[in-house]
Amino acid sequence: MICHFGGPEQTSHQRRLEFLLILISTLTIASIMLASLALRSAVAGCRNYQCKNFAKCYQAITKFTRPFATMQDKQATMPPGYKAKAGAFQTFEIPQQVTGSRGDIILGKAMINAWRRDGILQVSMDESQRSVADKAFATSQRYFDIPYDRKASCVNDQSFSGYIASGEELTDNIADYSEIFTVTKDLPQSDPRVKAKWPCHGPCPWPDTRMKSSIKTYMNHLGDSGDKILQLIACGLELPDINELTKYTRDGWHHLRVLRFPARDKTNGKGKDGRGIGSHTDYGLLVIASQDSVGGLFIRPPYKDEKYANWEKSVAGAYENDHRWVYVPPVPNVFTVFPGDMMQYITNSYLPSTPHKVGLNNDQRFAFAYFHEPNFQATLEALPGFESDENSRGIHYGTHFTNMSMRNYPQRITAKRIRAENRMAVLHTPELKTLGAAPKPAPKEEQGAEGGMQRIVDAVKNKAEEVFFSNQVAV
Ligand SMILES: *[C@@H]1O[C@H](CO)[C@@H](O)[C@H](O)[C@H]1NC(C)=O
């Protein structure tokens, strides 16, 4: 009785009120749960590729792929002496598998839109990629810390793999201060292609097996992402086959540049003041880059009034000092991804190769640039729906890569050996053009030099089939 308010009538009124209150709160909670479930399943629908409403899913995907990186002050890390606006780039999460579903098409289109607008996009690293990337950065620091003579001995006269000293590389005939370890396909002396003196084919001169294993693991992870990104782009371009792009990257000429940039007041004084890497575009299909927290990368988004074709006329050094560059601020746990020359070629410049350059900062800086490339023997042709007079002849990737390497390192022992042994001529043989437009050599029954070469090519092709989609660095 003490606790009762009023008589029994009031009590029943109070009970009704209590019931109503409970009902209302239950309903509220239930509706919140339902709404969030619906929202999640809308997104999950896209992720699981069962989306019914294209426009809705497109919204859901673009909304939930973290459209803008959160950076306190994006301008703060920009190298001194540069005028550029700091970019805020769209970040995508790459699904476990790409199947060509409607959701893949939507995601692919969103990525294409980001490239066409910004010239670059970000892909979030999954947990295992983070750990592999961390290890690769540690490896890189360890390598660049060893004495110069030991670093400099990591060269090979058959491949362009290995050490490139600060001030050695030329972009538009001006020295770059970047210090580099390049990794191309690591082939033993016994590989038929090395024996047959194919240009650029040879071993990678690793300083030790620890670096070899850490870097190869990193490249394999990037290779997986690279093929998935290419499949998404194929979906986004509405190509007839999801593997329209990845057909080129089977046993691709994937390579990596392990990069260190000195602090701007600690250069060796060999080049123009304070230059990291001069403006240029990269050669292949995809560039997947990562950087530490120092900052130094600038990119150039597509501008309507700018047309270029690096494979015909060098873009190196172009627009170097104008103001239309966009700074790429370091964002933790993302890769930055942009198209290379071959992507531009096969899409008739619908996806132009993104010009970029690197400035030196107040601290030394570590970065990686991974190139997800066509097979060396591949001849790239216009994609269905992107044919034009400009891309009607096809480009042989191996020749393009060799041309670019000869242009950038004319004095390297590798380039000298290519010239001395006239290895460029090998590029014109049918054995080197076995994938794509170039006529396939007629099968030869007889023994002898040519029959032998045919067998080598078959062996290489069979090997390529074996490693289909496994993105091995080494064959
Ligand atoms: C490579 O360079 C040669 C010689 O300059 C040129 O004729 C050829 O067109 C180039 N090929 C490619 C694919 O870039």
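**Exercise 1. Find which helix and which strand each supply at least two residues of the shell around the ligand.**

Step 1. Strand 17 (395-396) and helix 10 (397-408) each supply at least two residues of this shell. Helices (H or I, at least four residues) and strands (E, at least two) are DSSP runs, numbered from the N terminus. The model is predicted: local features need pLDDT of at least 70, side-chain atom pairs count only at pLDDT 80 or more, and totals for chains, interfaces and linings use all residues. Residues are numbered from 1 along each chain as its sequence is written.

Step 2. List the shell: Trp311, Ile395, His396, Thr399, His400 and Asn403 surround the ligand. A residue is near a molecule if its C-beta atom, placed from the backbone, lies within 6 Å of it.

Step 3. Helix 10 gives the largest share, three residues.

Step 4. Sort the shell by type: two residues are nonpolar, four are polar and none is charged. Here Ala, Val, Leu, Ile, Met, Phe, Trp, Tyr, Cys and Pro count as nonpolar, Asp, Glu, Lys and Arg as charged, and the others, Gly among them, as polar.

**Exercise 2. Give the strand order of the open sheet formed by eight strands, and name its edge strands.**

Step 1. The order is 2-3-13-10-15-8-7-4, with mixed pairing. Strand 2 (91-92) and strand 4 (162-164) are the edges, since each pairs on one side only. Two strands pair if DSSP finds at least two bridges between them.

Step 2. Take strand 13 (334-339). Strand 3 pairs with strand 13 in the antiparallel sense over four bridges, and leucine 121 stands opposite valine 337. Strand 10 (residues 286-291) is also joined to strand 13 by four bridges and runs antiparallel to it; leucine 286 stands opposite proline 339.

Step 3. Six of the six residues of strand 13 are buried, so this strand is largely enclosed by the rest of the structure. Val334, Thr336 and Phe338 point one way, and Phe335, Val337 and Pro339 the other.

Step 4. Strand 7 (residues 179-183) and strand 8 (residues 255-261) pair antiparallel over five bridges. The bridge partner of threonine 182 in strand 8 is arginine 257.

**Exercise 3. Is phenylalanine 366 buried or exposed, and which residues does it touch?**

Step 1. Phenylalanine 366 is found in strand 15 (residues 365-372). It counts as buried because it has 20 C-beta neighbours inside 10 Å.

Step 2. Not counting residues up to four places away in sequence, phenylalanine 366 touches Phe137, Ser140, Gln141, Leu259, Arg260 and Asp292.

Step 3. Phenylalanine 137 lies 229 residues away along the chain, yet the two C-alpha atoms are separated by 7.3 Å.

How values were computed. Two residues are in contact if their C-beta atoms, placed from the backbone, lie within 7 Å. Axes are lines fitted to C-alpha atoms, for helices over the stretch in contact, and angles run from 0 to 180 degrees between N-to-C directions. A residue is buried if 20 or more other C-beta atoms lie within 10 Å of its own, exposed if 12 or fewer, and partly exposed in between; C-beta atoms are placed from the backbone.
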